[in-house]
Amino acid sequence: MSTRRFFKVSGHIVDVLRQEIYQGTLEIMDGTITAITRESVSETHYILPGFIDAHVHVESSMLVPSEFARLAVPHGTVATVSDPHEIGNVLGLKGVEYMLDNGKKVPFKFFFGAPSCVPATPFETAGAEITPEDIEELFLRPEVKYLAEMMNWPGVLNGDDLVMQKITLAQKFDKQVDGHAPGLRGEQAAAYAAAGMTTDHECFTAEEALDKLAVGMKILIREGSAAKNFDALIPLLKDHAASIMFCSDDKHPDNLVEGHINELVKRALAQGHDLFHVLQAACVNPVQHYKLEVGLLQKKEPADFIIVNNLEDFTIQQTYINGQLVAENGKTKIDFTPSDIINNFHAQAKMVEQFKLPAQQATRVKVIEPYDGQLITGLLTAQAKIENGNIVSDVANDVLKMTVVNRYENAEPAIAFIKNFGLKRGAIASSVGHDSHNIIAVGCDDESLCRAVNLVIEAKGGISAVSGESEEILPLPVAGIMSAEDGYWVAEQYAKLDRIAKEMGSTLNSPYMTLSFMALLVIPALKLSDKGLFDGQKFAFVDVLEQS
């Protein structure tokens, strides 16, 4: 016979909905708050709703959902609004179902979207397609709350039939539709919103965000491992608290060990923003927008809450989900559980000759210019460095050779050039390459480039670094983008590779995260797919070689 679980928690209760703080006691029975009593208490800590990441790709942590949860709860995160399109691009509906099922293994609230753009574009090779029929099947599952980011904004504005089918399905099932429209302004932003888009997490200026707020869209302030928009957008919170949420979008495992949404809360408070505005963005708005089954510290709601020492330090002492203590004093209380391995990886080892680029008559090359902390890139041209009739990396001028290798079938590598990576020797490679997750690598010489790529192929997924005789790899056997190992071990191994890349010369804050976005064609200006160099403004392939 089961025993009902009852306990009490006392302290200073932060009621975000009523915007008041008072001393009192929560009574919790079987995971639900059954009573809230206002009374004098001796406890000095504060009780408030748990934090929610309003837009994240769990796969970018390189962890399966059950391990992501273990690392997130010590930071006060109780739920995520997760877009599983990374694994969707690799394994289709089967991959999305893997994420949903894996997330149920732990006491954490994962809410997923139905991926809207798989494959992301027809200009790259993906491993699968998610059809309107697949989306309808996903909408029948209660944990699928929305149509995930509609990256094909030209398709929205032009009324593309397939795009509109997916939006119509979301409306039929009363689901929100997430937007993704970097740089969209004015009348185009208004038309995008009018078509049903309700959020955007891609704004990198306040002016762009204001255009979207003006037409009814909610703005997600993103601070991830690569894209960092907090400083540019947080001033909007003062006048638009009801329409702001916090998200990480993409968070690498070492960064997740350090902090999550709690970091944005602390930074916003340190800048003088109103406590209730901050907590509305971090706790309340995602619940209300996506209709999540997450408690907000109200009677008869799930007991999802955190305890912090005070409202200045904001040190998280405990995290509760459905009345279960899942983290305490910085330590997770969720146990490690084994996870299944599924994958879709068929590339075979490459030869050095396949990474050579004959100069022909060219004297200059087009160059991708990434910006640290942003997903957008610039488009440059540079003098080609030619040796034995082939264009090679120009280490002295930081114009390095880059490649994207099809991982789903055997094909010739695509070659381009990139600046700002700063490597002085060796190469780094990864099978985390948004959105199709082909192998992406950058290196100082063709031999190192080939070795780094082949390490990933041999492991059927991973991130690697090659420097001289030294070789390192973190295997990612789950869809070629995640590990099934203990998340804290994965974080240590990733941090080691990140450190190696920086010792090799990279000046980027997160070289592997930045690398993973250099194949993301839907964000301009210049990117590389397995099919060639792509101009994201013209939405067309361009030649890497230029005649003088």
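The dialogue below goes through these features in turn.

Tutor: Before we start, keep in mind that this is a predicted model, in which local features need pLDDT of at least 70, side-chain atom pairs count only at pLDDT 80 or more, and totals for chains, interfaces and linings use all residues. Residues are numbered from 1 along each chain as its sequence is written, and side-chain values use heavy atoms, with hydrogens and water left out.

Student: How many residues of strand S25 are buried?

Tutor: In a regular strand the side chains alternate between the two faces of the sheet. Helices (H or I, at least four residues) and strands (E, at least two) are DSSP runs, numbered from the N terminus, and a residue is buried under 20% relative accessible area, exposed over 50% and partly exposed in between, with a 1.4 Å probe and protein chains only. In strand S25, residues 439–443, five of the five residues are buried.

Student: Which strands pair with S25, and in what sense?

Tutor: Two strands pair if DSSP finds at least two bridges between them. Strand S22 (residues 399–405) pairs with S25 in the antiparallel sense over five bridges, and strand S24 (residues 427–430) does so, also antiparallel, over four bridges. Gly443 in S25 has Lys401 standing opposite, and Ala427 also stands opposite Gly443.

Student: What is the strand order in the open sheet of three strands?

Tutor: The order is S17-S21-S20, with antiparallel pairing. Strands S17 (357–358) and S20 (385–387) stand at the edges with a single partner strand each, and therefore one side of each is left without a neighbour in the sheet. S17 is joined to strand S21 (residues 390–392) by two bridges, and Asn390 in S21 is the bridge partner of Pro358.

Student: Which residues have a positive phi although they are not glycine?

Tutor: Most residues other than glycine have a negative phi, and most peptide bonds are trans. Met62 has a positive phi of about 65 degrees, and its place is in the loop between strand S5 (51–56) and helix H1 (65–72). Asn388 has a positive phi of about 55 degrees and lies in the loop between S20 and S21.

Student: Are Met62 and Asn388 buried or exposed?

Tutor: Met62 counts as buried because its relative accessibility is 1%, whereas Asn388, at 80% relative accessibility, counts as exposed.

Student: Where are the cis peptide bonds that you can show me?

Tutor: One of them runs from His434 to Asp435, with omega near 0 degrees, and Asp435 lies in the loop between S24 and S25. Another joins Pro524 and Ala525, with omega about 10 degrees, and Ala525 has its place in the loop between helix H16 (511–516) and strand S28 (526–529).

Student: Which residues touch the most other members of the largest nonpolar core?

Tutor: In soluble globular proteins, nonpolar side chains tend to be buried together. A nonpolar core is a set of buried Ala, Val, Leu, Ile, Met, Phe, Trp, Tyr and Cys residues joined through side-chain atoms within 4.5 Å. The largest one here has 180 residues, of which Phe51, Phe246, Leu279 and Ile428 touch the most other members. Helix H13 (residues 275–290) gives the most to this core, with ten residues, while a second, separate core of 13 residues includes Leu26, Leu297, Phe305 and Tyr320.
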